[in-house]
Amino acid sequence: MIVSVVSMPGGTTTRTDLAGARDRLAASDFVLVDVALPLAADQPSGADGPQNDGRRAVEALGLAAESPAWFGVTGEPVRADFLGDRACFVVPVVDDGRVVHVHALATERHVVTLHRGPAAPLENLADRLARERPADAVAVLFLLLQESLDTFRRAAVADLLAVEDLEDEMFERRRPEQVYRLARLRRRAALLHHYLLPYLQSTDEIVMRRMLSRDFPEERRRLAQEFQHTGRLVLTDIQALQDATRRAFASYSSLVSGEQNGVINRLAIVSTIFLPLTFLTGYFGMNFSYLTDEMESRAVFWLLAVALQALVLAGALYVLHRTHIWRRLRDDEGTREP
């Protein structure tokens with residue numbers, strides 16, 4: 001378990017234990033405490049295992065009375081609760097391709113976050129606090145919520161660029177593994193939307209409830225409006241990613257259909273050439289008395305077996321040439337990229 005304490009407004013980060021963090025919470029008027037719990041795979045299962053160690057950390061910090069019963073519990077979905085003079089959130093954060101749920105408790109004096117394993121976005125938040133020096137704990141909370149939205153935006157933009165690059169590769173040369181890569185990107189877009197939408201809905205409900213209050217300060221109202229505006233923009237980026245994946249799938253299907261049309265055209269040409277030959281071969285292979293008794297000379301054999309079929313083949317090729325089928329096939333081959 002790693003406990004980091006960020007002193008505000010200076011933004012100085014120090015490492016300590018739960019007891020030291022509890023003392024800092026009691027002594028300081030403005031502090032951020034981040035608790036990185038061990039990963040569930042590194043903890044034994046059971047009643048006292050990883051499901052409850054987050055709650056035990058909350059009790060060790062002396063925040064059991066200030067926080068709701070679900071705060072710090074593993075597996076809690078995205079949510080937001082306003083409890084008078086404090087607010088509790090379960091914030092989704094995209095970290096290295098995975099979604100991490102960060103529990104955040106904000107009061108007028110401090111902000112406490114809990115999460116499992118390392119989380120690079122919270123390290124970015126600590127650097128951001130040192131640069132921007134927010135005025136109070138509520139401003140720190142909104143910076144945390146904004147950082148969460150930024151992780152979704154960065155993930156959506158990176159995946160959108162990956163879809164566009166993959167679409168360009170498909171037009172250059174189509175390969176079967178490209179459809180599986182598209183499927184994974186489409187699934188990632190769905191997961192981003194799945195986690196972001198309830199997060200925005202829950203936070204908007206809390207923010208709007210506070211903004212309608214007359215005692216809500218103007219500066220905090222501005223922060224809330226910026227958060228809502230950013231949330232809508234990030235949601236638009238994710239929807240653009242979903243549209244791009246659908247467009248890429250449609251492009252892939254169009255390319256496959258074009259190749260199938262080319263194969264069907266070739267089969268039509270082969271059928272046009274060999275169908276008359278097959279008919280002649282079958283007709284003269286029948287055991288009619290006229291064919292077996294009257295056509296016994298070698299000249300008749302060469303005339304019917306070779307010359308007639310050569311004439312039919314030449315006629316079929318002439319028809320194909322006159323209908324410009326060869327030219328269309330050659331043009332289709334020329335328009336494809338190597």
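Predicted model: local features only at pLDDT ≥ 70, side-chain atom pairs only at ≥ 80, totals over all residues.
Local features need pLDDT of at least 70 and side-chain atom pairs count only at pLDDT 80 or more, whereas totals for chains, interfaces and linings use all residues. Residues are numbered from 1 along each chain as its sequence is written, and side-chain values use heavy atoms, with hydrogens and water left out.

A search of the whole structure finds 16 salt bridges, each being a side-chain nitrogen of Lys or Arg within 4 Å of a carboxyl oxygen of Asp or Glu.

Select D136 and R220 to begin: they form a salt bridge whose closest N and O atoms are 3.4 Å apart. Because D136 lies in the loop between α3 (120-132) and α4 (137-172) while R220 belongs to helix α6 (residues 218-284), the pair ties together parts 84 residues apart in sequence; helices here are DSSP runs of H or I, at least four residues, numbered from the N terminus. R220 is buried, at 14% relative accessible area, and D136 is partly exposed, at 25% (buried means under 20%, exposed over 50%, partly exposed in between, with a 1.4 Å probe and protein chains only).

Next, select D237 and R153, whose side chains meet in a salt bridge at 3.6 Å, N to O. D237 lies in helix α6 and R153 in helix α4, so this pair, too, ties together parts 84 residues apart in sequence.

Finally, select R181 and E169, which meet in a salt bridge at 3.3 Å, N to O. R181 is in helix α5 (residues 177-211) and E169 in helix α4, 12 residues apart.

Definitions and conventions. Helix = DSSP H or I, 4+ residues; strand = E, 2+ residues; numbered from the N terminus.
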